[in-house]
Amino acid sequence: MQEREIYLDNPPLGEALGKYFKELEEAGALKPTGAEVVDVREALGRITSEPVFARISSPHYNAAAMDGIAVSAKDTFGASEKNPVRLKEGVNFWPVDTGDPLPPGCDAVIMIEEVHPLEGGEVEIVSPCAPWDNVRSIGEDVAATELIVPENHRLRPQDLSAVIAAGHETVKVRKKPKVAVIPTGSELVDPGTPLKPGDIIESNSAMLAGLVEEWGGKAIVMEKVKDDFKLIMQRVQKAVELADVVLINAGSSAGTEDYTSNCIKALGKLSVHGVAIRPGKPVVLGLIEGKPVIGIPGYPVSAYLAMELFVKPVLYKMQGLPVPGREKIKARLSRRVVSSIGTLEFLRVKVGRLGGEYVASPLSRGAGVIMSVVRADGMVRIPETKEGIEAGEYVEVELLKSQEEIENSVLIIGSHDVSIDILANEIKRFYPEITLSSAHVGSMGGIMALMRGEAHLAGIHLLDPDTGEYNVSYIKKYLPNRRIFLVNLAYRQQGLMVKKGNPKGVKGIEDLMREDITFINRQKGAGTRILLDLKLKELGIDPVQIKGYGKEEYTHLAVAATVAGGGADVGLGIMAAAKAFDLDFIPVAPERYDIAIPEEFYHTDLMQKILEIMRSDEFKKKIESLGGYDTSMTGELIGGD
Ligand SMILES: Nc1nc2c(c(=O)[nH]1)N[C@H]1C(S)=C(S)[C@@H](COP(=O)(O)OP(=O)(O)OC[C@H]3O[C@@H](n4cnc5c(N)ncnc54)[C@H](O)[C@@H]3O)O[C@H]1N2
Ligand code: MOO
């Protein structure tokens, strides 16, 4: 076996940061970048490298602040209703518009509304004015030499206006730190390339570059490199010439082809390899020619975190700025999470406002699940000293969204249905401020989520084998003391999904017993599972007779993917999932998919807007077009209690 790079004794985050930043400071690698002169109109978001003082005053002359007549105030003294004062144009008044310079000898402006015209170029006024009434005097806004913005200030639109008004055309700003991004990995292919098994679309560099730009840097994404030590060395050397900071993506871990740390060792100094965090553990921190060179782990979530924890502070420091923190809130954790002692874990969570408090629900913890970051409203740090967090414990959430966005988020938990995704999109189309976010844990999971106060809504399709009725008896049983409204989302066809052309000639549920057929099941508590078990009972089939009955997937799409990938011959699910994977579909039974809505949420403005969208023809049409749906009851109330 080839020799591997093994990294033990990962230091905690604080220690790793402390060591690395000390070494960076000592090497002068964090000195603010040099300055460049840019047109003020192009300087939005840039950081000033020196203070900007006013060259001229604004206004730089005494200006009329109103439309009217310019006068010398003393000519108006004594004016009243009884004793109006007459003024003559060109002698003791001059017409002016807002912004005009005051004619010589004038020190006030009378608004046109207060001027009564007479014959022969004369006007009459009935009240006096004081000197400087309705005049913007020199320097009222900006006085020459005044400080407009200090050094290390991010220029906002209003700053640009003030800097220009103060007589500047250009402004000195910090050069954006240049950050080279090098994607590595022989498995990487460019977006758009037809995919073979083992190919990975090179998607990380877009995120890395985006984060760099968000933090004020200039990203230079370099051509991807194969896992070849020599090639990587060459690319890194080139990047060090081009940029102020170099990011090497992937190849950070202990695999035989993980070259990042060896490359940094060979070309410069390795400071830290491996930090006691998850995700992001194998991060590599080093310096080459006095420049920060960071090995960002390949998994996208690990990459995101390594960027946030190590690259963000480097970039802010290089721009002379404090590292911005995130807004924090206290939330109740909805589910128990177990974690390892000795590792600081960053848990992605969805946050909802439920029953007057924030509730945080953990998302997928996989380092490869970038959707967990896409969906996340915040992050919870599980400290190294804890083995996990209990359900109901209060945690601090670092928000990735504003609190207002969270207040406008509706969480629907339960069985997955494509129409929920369509509903979420329709809501965004008509009410961009509202977000419907879903978590797919099966119908019973949805009911549990309502019980635990973890969701606003539950998406359910639970058949009662005794009554043949959907959902109602389950709500009564599991949520006996709550008033719950059921609104129909759609009726949908459940059926057997098989490979295109139905190569094994499957006709119905009874075929699942066949020797030559492997099944893929849904998890216990899923509505589809209950339907299957009922059908098996009706047909007198013992589940042990079915090969694959014990193998479970969590969504219709996952079942369809298993069948499409050859992992099973048959799965039970909805037609839309079969269509998505180009499978054949053998209808078994129509079923009712409803949304369970607790009374207190039913009457909110948010929910009424969602119901309005559900009842729209456009929404119904979109669902119908998926195939296998009946929307004749969509948006209708099924029953209370
Ligand atoms: N034996 C061990 N294996 C691994 C360990 C370990 O401690 N011992 N650590 C795991 C952890 S934790 C992480 S995180 C990853 C880090 O992996 P690398 O940084 O070495 O990266 P790769 O293995 O090359 O890639 C991981 C994964 O990410 C995909 N990838 C890489 N670059 C891109 C890109 N530009 N765009 C999209 N996806 C990318 C790559 O194809 C892999 O699937 O290592 C574990 N292994
Ligand atoms: O630490 Mo790795 O970054 O979990 O996947």
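**View 1. The shell around ligand 2 in this predicted model.** Here you can see ligand 2 surrounded by Arg278, Pro279, Gly280, Lys281, Pro282, Tyr299, Ser302 and Ala367, where a residue counts as near if one of its heavy atoms lies within 4 Å. This shell divides into four nonpolar, two polar and two charged residues (Ala, Val, Leu, Ile, Met, Phe, Trp, Tyr, Cys and Pro count as nonpolar, Asp, Glu, Lys and Arg as charged, and the others, Gly among them, as polar).

As in every view, residues are numbered from 1 along each chain as its sequence is written, chains are lettered from A and ligands numbered from 1 in the order in which they are written. Local features need pLDDT of at least 70, side-chain atom pairs count only at pLDDT 80 or more, totals for chains, interfaces and linings use all residues, and side-chain values use heavy atoms, with hydrogens and water left out.

**View 2. Polar contacts of ligand 2.** Look for pairs of N or O atoms within 3.5 Å. Oxygen atoms of ligand 2 lie 2.3 Å from a polar backbone atom of Gly280 and 2.9 Å from a backbone N or O atom of Lys281.

**View 3. Ligand 1 and its neighbours.** Ligand 1 is surrounded by 20 residues, and the closest are Glu187, Glu202, Ser252, Ser253 and Gly298. An oxygen atom of ligand 1 is 2.7 Å from a side-chain N or O atom of Glu187, and one is 2.9 Å from a side-chain N or O atom of Lys281. For Gly251, a polar backbone atom is 3.4 Å from a ligand 1 oxygen.

**View 4. Where domain 1 meets domain 4.** Domain 1 (13-32 + 176-318) and domain 4 (328-403) are among the domains of the protein, with bounds from an automatic or database domain assignment. Their contact (heavy atoms within 4.5 Å) takes 13 residues from domain 1 and 18 residues from domain 4.

How values were computed:
Polar contact = N/O pair within 3.5 Å; in protein donor to acceptor, adjacent residues only side chain to side chain.
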